[in-house]
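Here is a short note for a colleague opening this entry. Please read the points with the model in view.

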Amino acid sequence: MAKTTKKETLDKKNTAKTETSRSWRPNKQQRFVLGCLLVLFSIALLVAFISFYINGQTDQSAVSQLGDRTEVVQNWLGKFGAFLSDLIVYKGFGLAAFIFVRLFFLTGMFLALELSLRKLKNIWFWDLFAIIIVSVLFGFFATSAPELGGTIGYELNLFSQDYIGKTGTLLVLLFGLIVYLIFKIKLSPEKIQSYFDSTKNEIKSELSALKTQPQVESAYNLEEFAVEEPDEELDNIHLKTEDTQFEINKEALKPTISNSSEIDLNPILKPLQMNINPVTQTTPIHTEEFVVEKPEEEDIIEENLASRLVADFGLFDPTLDLSNYKFPTIDLLKEYSTGGITINQEELEENKNKIVDTLRNYKIEIAQIKATVGPSVTLYEIVPEAGIRISKIKSLEDDIALSLSALGIRIIAPIPGKGTIGIEVPNKNPTMVSMKSVIGSAKFQEAEMELPIALGKTISNETFVVDLAKMPHLLMAGATGQGKSVGLNAVLTSLLYKKHPAEVKFVLVDPKKVELTLFNKIERHYLAKLPDTEDAIITDNAKVVNTLNSLCVEMDNRYSLLKDAMVRNIKEYNEKFKSRKLNPEAGHRFLPYIVLVVDEFADLIMTAGKEVEIPIARLAQLARAIGIHLIIATQRPSVNVITGLIKANFPARIAFRVTSKIDSRTILDTQGADQLIGRGDLLYTNGNDVVRVQCAFIDTPEVEKITDFIGGQKAYATAYLLPEFVGEETGINLDMDISERDTLFREAAEIIVNAQQGSASLLQRKLKLGYNRAGRLIDQLEAAGIVGPFEGSKARSVNILDLSALDQFFNNEQN
């Protein structure tokens with residue numbers, strides 16, 4: 001049995017102590033009790049300090065005799081208050097000690113109300129900074145009133161004066177005051193300038209009133225109110241009254257433009273990876289304009305009316321109908337992993353040796369190698385010796401996989417932005433990435449995106465968050481059981497945790513009929529559907545065509561609204577609508593984002609073909625600016641499903657594990673997806689680099705809890721209704737009256753019966769008709785029973801076999 005070394009024993013003890021110290025965290029009850037204690041303590045301090053300044057220093061002699069119960073003190077908090085006042089005020093910081101009251105009170109409130117402690121750290125820093133500045137400042141008056149600055153303030157003041165004198169001490173205190181005002185109070189030169197400008201404008205308006213008042217009293221002659229246009233060549237503007245003349249120099253009002261940029265390119269080295277963070281500091285450009293008032297015109301009156309509406313009613317709030325809506329809590333999600341990533345040092349060392357030995361067998365020497373451990377994959381970065389061809393290393397992918405006995409070796413040669421070659425090796429014991437850890441991460445919670453999506457974690461164990469609004473559409477592909485449906489649930493869950501029901505709507509297409517059914521519970525909150533349809537989640541392929549065409553109608557309607565509002569995208573439109581600059585009576589409304597999710601696109605292509613592909617391509621081309629975004633998933637990333645027209649409009653793509661390199665090239669335009677290990681392992685690209693991500697796992701019970709939480713709250717009266725679409729072959733409003741039939745009805749029937757093929761395109765060619773008239777003829781033939789109903793991409797069936805049967809049909813109708 002191997003003996004344990006002294007160093008290993010000490011390491012184990014230190015690890016146990018660290019884990020014990022980290023394991024204790026106050027629960028809700030403990031935080032609340034501690035918070036209440038600090039709040040009450042702050043009140044006690046306030047009472048003691050006020051009593052100290054009211055009663056003077058009468059209690060100073062009793063402070064040293066606190067053990068004597070017969071000693072009488074004047075402090076309202078008794079001997080304990082006298083002791084605290086003497087310690088913190090007299091021997092401490094003087095008047096600045098009152099800031100401690102604020103600090104303890106805020107700390108108690110933050111703990112009791114379970115608020116974020118990050119802001120509290122900032123409050124403590126700046127308040128302690130203010131205590132030092134104030135106490136040192138009052139230290140100048142220590143000889144006459146020692147209780148103003150306290151002993152600490154007096155001593156620090158004397159210490160400073162010994163080295164830099166009184167003037168230097170005052171300058172240092174002034175600098176500290178400036179730092180506090182700028183960084184804490186957020187006082188800036190712009191605010192000061194705007195204050196003086198507003199004051200100057202008020203003086204100007206008062207002087208103008210004084211100038212015009214005698215004229216108004218003397219006579220109501222409109223000519224006296226005429227405003228002369230100032231000469232542009234004049235350098236000065238004169239504002240005159242009877243006794244005083246103000247002269248404002250235009251040159252003095254010209255802005256000073258300064259623009260300096262400093263870029264720090266020093267690399268910040270982190271363990272196992274290198275990040276270069278360029279930090280750019282740019283002095284803001286400020287421009288001020290001296291405006292001479294002119295008579296108001298109609299457009300100015302309208303603008304003033306809009307601004308007055310905003311001042312009276314505030315910005316329009318689209319969430320007002322569901323103002324009490326509560327977002328799902330993170331407690332609804334399950335934590336699957338016990339903690340962070342477990343690093344197996346033996347496995348890392350063993351894989352490193354195997355990689356080095358395999359490359360050495362082919363006479364490839366390595367200058368440096370390092371590893372980055374992720375949830376399911378470890379990235380080994382190697383730097384080959386000079387003169388080694390990269391293509392030679394890349395060709396050894398199968399040999400390295402054989403030596404490591406691992407599934408899914410992927411070589412990145414070279415890693416973009418680095419002078420290294422990457423070898424991704426799956427971990428023997430992968431760590432599951434829970435949706436809770438991703439949703440709760442600071443990167444997702446603080447993401448300033450329109451439609452943030454948390455996909456999972458990268459190899460460096462960082463939460464991977466992307467913006468669907470900037471993609472602008474997403475294409476997902478992967479073999480059966482590799483994680484597509486879980487990925488779709490992760491996307492939908494991310495949006496549910498960040499966006500209010502008024503801000504986003506989902507159009508869900510689920511040919512499988514089982515994957516997205518749980519979202520039925522939030523139909524009246526988040527889902528959109530066609531009018532007069534029962535289920536918001538579309539499971540019938542025949543209804544998908546109408547829904548897609550309805551989205552095209554919605555897209556055209558929204559572009560019309562954007563044109564009328566003279567804006568370029570949905571974000572500018574909604575901001576203008578919130579500012580009450582658009583009239584709802586003119587048809588304007590708040591536009592929510594619409595996300596179309598198709599779970600199995602290949603099935604739609606098989607049944608509907610071009611009728612699905614064309615509206616999908618049209619939406620992908622045009623719908624970005626008006627807030628309609630598409631997410632399409634498929635099991636078969638083949639060229640007949642993901643056509644070139646679709647690929648061209650879906651730059652953002654996610655590839656789960658596929659079965660062949662051909663499928664990988666179809667979805668990603670490069671190989672690599674065939675080397676993934678499955679179970680949520682994916683590659684993401686948005687036209688640039690390919691990123692490997694371990695998709696966050698969310699199970700059906702978690703989705704059910706979230707939908708139950710949302711569905712149990714107050715909802716809208718109905719789901720979001722899309723515009724009604726009546727297509728060519730929907731069978732709606734069929735012409736049943738013989739007298740209203742088209743004049744070419746009989747001729748069209750003969751052509752259809754002869755060809756035994758019921759299609760509008762056949763009538764267009766034979767009769768040289770337009771699309772709309774041919775479509776009406778087909779509807780009339782269906783109503784008459786000559787052709788069958790619409791069957792997707794297939795031609796309609798013909799119910800009459802030959803022309804003689806057709807003649808018999810018409811004879812029967814006439815009789």
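1. At what angle do helix α16 (residues 484-498) and helix α24 (residues 700-711) pack, and how far apart are their axes? The angle is about 30°, and the axes are 12 Å apart. Note that this is a predicted model. Angles under 35 degrees count as roughly parallel, so α16 and α24 are roughly parallel to each other. Their crossing is left-handed.

2. Look next at the residues between these two helices. From α16 come Asn489, Thr493, Leu496 and Tyr497. They meet Val703, Ile706 and Ile710 in α24.

3. Now the chain as a whole. It has 815 residues, and buried residues make up 42% of them. There are 28 helices and 21 strands. Take the contacts with a separation of 6 or more: residues 24 or more positions apart account for 66% of them.

4. The largest nonpolar core has 111 residues. Phe506, Phe601 and Tyr684 have the most contacts inside this core. Helix α18 (residues 541-565) gives the most to it, with nine residues. A second, separate core has 24 residues, including Ala749, Leu781, Ile786 and Ile800. In soluble globular proteins, nonpolar side chains tend to be buried together.

5. Tyr684 deserves a look of its own.

6. On the α18 side, the contact is made by Val545, Leu548, Asn549, Leu551, Cys552, Met555, Asp556 and Tyr559. On the α21 side, it is made by Glu611, Val612, Pro615, Ile616, Arg618, Leu619 and Leu622.

7. Which residues of α6 are buried? They are Leu120, Ile123, Trp126, Asp127, Ala130, Ile131, Ile133, Ser135 and Val136. The buried residues of α6 pack against α4 (78-93), α5 (98-112) and α7 (146-183).

Technical notes: Residues numbered from 1 in each chain as written. Predicted model: local features only at pLDDT ≥ 70, side-chain atom pairs only at ≥ 80, totals over all residues. Heavy atoms only, no water. Core = buried A, V, L, I, M, F, W, Y, C linked by side-chain atoms within 4.5 Å. Buried < 20%, exposed > 50% of the residue type's maximum accessible area, 1.4 Å probe, protein only. Helix = DSSP H or I, 4+ residues; strand = E, 2+ residues; numbered from the N terminus. Contact = heavy atoms within 4.5 Å. Axes fitted to C-alpha atoms, helices over the stretch in contact; angles between N-to-C directions. Parallel < 35°, antiparallel > 145°, perpendicular 65-115°, else oblique. Left-handed = near helix turned anticlockwise from the far one by under 90°.
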